[in-house]
Structures are given as structure tokens and as C-alpha cells.
Amino acid sequence: MTKKIPMRQCLGCREMKPKKELIRVVRPPDGEIHLDFRGKDNGRGAYLCPNPVCLKKAVRARALERAFETAIPEEVYAQLAAQMEAGDVS
């Protein structure tokens with residue numbers, strides 16, 4: 001019996017992909033939005049492909065703002081862009 005792979009939808013391209021391949025952005029109960037590299041932080045999560053094109057689509061569509069129902073600090077977008085340029089998603 002094979003183990004089920006958890007799938008999540010990218011906010012940019014709207015494609016379903018394995019959770020481990022995506023970058024998780026989380027809004028914990030305290031409200032401070034940040035990147036979650038372990039995938040285990042408590043709070044509401046949203047996922048993006050490690051692709052700058054998906055980030056641009058998500059920013060243009062205000063997908064993170066809608067997912068978290070709040071304004072997203074510019075630092076979060078800068079961290080996402082830096083993470084995608086570095087190419088290490090873990």
C-alpha cells in the first residue's frame with residue numbers, strides 16, 4: 001500500500017502539487033505573516049510554487065491578501081522572491 005501524498009493548490013498558477021514542492025506562507029493566531037519552511041507552524045497556510053512567475057500572478061491577483069483576509073507586508077513578498085531566487089525550498 002502506497003502512502004498518500006498531500007496535495008496543495010498554488011495561489012499563482014492554481015495547480016495542485018505535492019505539499020513538499022511548495023513554499024508555505026502562514027498567518028499564526030498572533031497575526032504576523034511569515035514563511036514556514038518546516039510546514040508545521042500553527043495557523044492558516046497558503047502555498048506558492050517556487051517559481052517567480054507564480055509569485056507575480058499571486059501578487060497581481062492579490063491572492064495572499066484574500067487567503068489571509070489582511071494586508072501582506074512588503075517584507076513577506078521580498079522574502080518569497082529571495083527564496084525563489086536562491087532555489088532552495090525545504
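**Sheet, salt bridges and loops in a predicted model**

R62 lies in the loop that joins α1 (52-60) and α2 (63-68); helices here are DSSP runs of H or I with at least four residues, strands are runs of E with at least two, and both are numbered from the N terminus. This is a predicted model, in which local features need pLDDT of at least 70 and side-chain atom pairs count only at pLDDT 80 or more, while totals for chains, interfaces and linings use all residues. Residues are numbered from 1 along each chain as its sequence is written, and side-chain values use heavy atoms, with hydrogens and water left out.

Most residues other than glycine have a negative phi. R62 is not a glycine, yet has a positive phi of about 55°. R62 is exposed, at a relative accessible area of 51% (buried is under 20%, exposed over 50%, partly exposed in between, with a 1.4 Å probe and protein chains only). E69, in the loop between α2 and α3, also has a positive phi of about 55° without being a glycine. E69 is exposed, with a relative accessible area of 72%.

Five bridges connect β3 (residues 23-27) with β5 in the antiparallel sense, and V25 has A46 in β5 as its bridge partner.

Side chains of opposite charge can pair when their charged atoms come close. The structure holds two salt bridges, each defined by a side-chain nitrogen of Lys or Arg within 4 Å of a carboxyl oxygen of Asp or Glu. One joins D36 and R24 (2.5 Å, N to O), linking strand β4 to strand β3 between residues 12 apart. D36 is buried at 5% relative accessibility, and R24 is buried at 8%. The other salt bridge joins D41 and R38 (2.9 Å, N to O). D41 is partly exposed at 23%, whereas R38 is exposed at 59%.

How values were computed
Pairing = 2+ DSSP bridges.
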